[in-house]
Amino acid sequence: MTAITRISREETSLRERATQALRGAILDGVFSPGQKLSERELCERLDVSRSCVRESLQHLQAEGLITIVPHRGPEVTTITPAEVRDIYAVRGSLETLAVRGFVTQATPEQKQALRRHVAALAEPATAHDRAAVLNIKNQFYDVLIAGCGNSVVGQMLRQLNNRVTVLRRVSMARPGRLPETVKELDALVSAIEAGDEETAAQRCAEHIRKAAANALRNMSESGEAA
C-alpha cells in the first residue's frame, strides 16, 4: 500500500482557523469586492505562515470568494450583474425545492423555529444591526435546509450560501428592504404552517426574485459590482 503522509493536526487546525477568519472578514464586509489582498499583510494580521495563507486563499477561491489574478495576486471576487442573475436563478430553484420538502418533512419544532427567526428580524433593534440581520437570515436558512428532507439540495445550498451572503449584504443595504423581507418571509412561513406547498413555493420564488432585483438595483445605483 502506498504510504500517505501524516497530516499535522495542529497545522490543519491552524489552516482551518485562518480560512474561517478570512471567510468571515469577506462575508462581514471587512474586505470589499475587488480589494487586493497582500499575502504578507495577511500573514502578519493572522500570525500564520505564508504557506498557510496561500492554502486558505486557494480554499476560498474554490468557494468563489477569492480570485487569483495572474501577475497581480489574490483579490476579493467581484460578482458581475450576469453572475448575480445566475446565482439567484440557481438559488431560486434549489430553495423552492427545499421549501416544498420542508412543508411535508419538517417537524413542528423546526416550523416554530422559522417563525421565531422571522419574529427576530421584525424586532426594532435588529433594523440597526446589519450583522444581526445577516446572522438571523443565515439561521433561518439553516433551519430550512435541516428540515427539507433532501440532503443533496441542502448540501448545494450550503455551498452557494457564501456568495449569497455577499449578495445579501448588497440587497439588504437598500433603505426599506428589511420590512419588505420580513413581510415576504412572514407570508412564506404562514404558507408553510398551513401545509400549503404550492403557495409556499410561490412565495419563496417571489422573495428570491425581489432579493435579486434589489441586489442588481443597488449595484447599478452605486456603479459597482457586488
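**A first look, by question and answer**

Modeller: Happy to, and let's start with a single side chain: Tyr141 has a relative accessibility of 6%, so Tyr141 counts as buried. Keep in mind that this is a predicted model.

Colleague: Good to know. What is the average pLDDT of the protein chain?

Modeller: Of the residues, 90% score at least 70. For the protein chain, the average pLDDT is 87.

Colleague: And in which helix is confidence highest?

Modeller: Confidence is lowest in helix 1 (residues 9-27), where the mean is 80. At the other end of the scale, with a mean of 97, is helix 5 (residues 108-121).

Colleague: Is Phe140 buried or exposed?

Modeller: The cut-off for buried is under 20% relative accessible area. Phe140 has 1% relative accessibility, so Phe140 counts as buried.

Colleague: How many residues does the largest nonpolar core have?

Modeller: In soluble globular proteins, nonpolar side chains tend to be buried together. Here, Ile26, Phe31, Tyr88, Phe140 and Leu188 have the most contacts inside the largest core. The number of residues in this core is 59.

Colleague: Which helix gives the largest share of this core?

Modeller: The core draws at least three residues from each of domain 1 (14-76) and domain 2 (81-224). Its largest share is eight residues, and they come from helix 4 (residues 81-105).

Colleague: Which residues does Phe31 touch, leaving out those up to four places away in sequence?

Modeller: Phe31 is among the residues with the most contacts inside the core. With those sequence neighbours not counted, Phe31 touches Leu22, Ala25, Ile26, Leu37, Leu42, Arg45 and Val76.

Colleague: Let's turn to charges. Which residue meets Glu63 in a salt bridge?

Modeller: The structure holds 14 salt bridges. One of them links distant parts of the chain, 40 residues apart, with Glu63 in the loop between helix 3 (50-62) and strand 1 (66-69) and its partner in helix 1. Both partners are buried. At 2.7 Å, N to O, the partner of Glu63 is Arg23.

Colleague: How many residues apart in sequence are the parts that Arg50 and Glu39 tie together?

Modeller: The side chains of Arg50 and Glu39 meet in a salt bridge at 3.7 Å, N to O, and Arg54 is linked with them in a network. Arg50 lies in helix 3 and Glu39 in helix 2 (residues 39-46), so the separation of the parts they tie together is 11 residues.

Colleague: How far apart are the closest N and O atoms of Glu184 and Arg177?

Modeller: Glu184 is buried, with a relative accessible area of 10%, and Arg177 counts as buried at 1%. They form a salt bridge, and the closest N and O atoms are separated by 2.9 Å.

Colleague: One more, please. What separates the C-alpha atoms of Leu167 and Ala211?

Modeller: Leu167 lies in helix 7 (residues 151-171) and is buried, with a relative accessible area of 0%. Along the chain, Leu167 and Ala211 are 44 residues apart, while their C-alpha atoms are separated by 8.9 Å.

Technical notes. Residues are numbered from 1 along each chain as its sequence is written. Side-chain values use heavy atoms; hydrogens and water are left out. A nonpolar core is a set of buried Ala, Val, Leu, Ile, Met, Phe, Trp, Tyr and Cys residues joined through side-chain atoms within 4.5 Å. Buried means under 20% relative accessible area, exposed over 50%, partly exposed in between (1.4 Å probe, protein chains only). Helices (H or I, at least four residues) and strands (E, at least two) are DSSP runs, numbered from the N terminus. Domain bounds come from an automatic or database domain assignment. Contact means heavy atoms within 4.5 Å. pLDDT is the predictor's confidence in each residue, from 0 to 100. A salt bridge is a side-chain nitrogen of Lys or Arg within 4 Å of a carboxyl oxygen of Asp or Glu.
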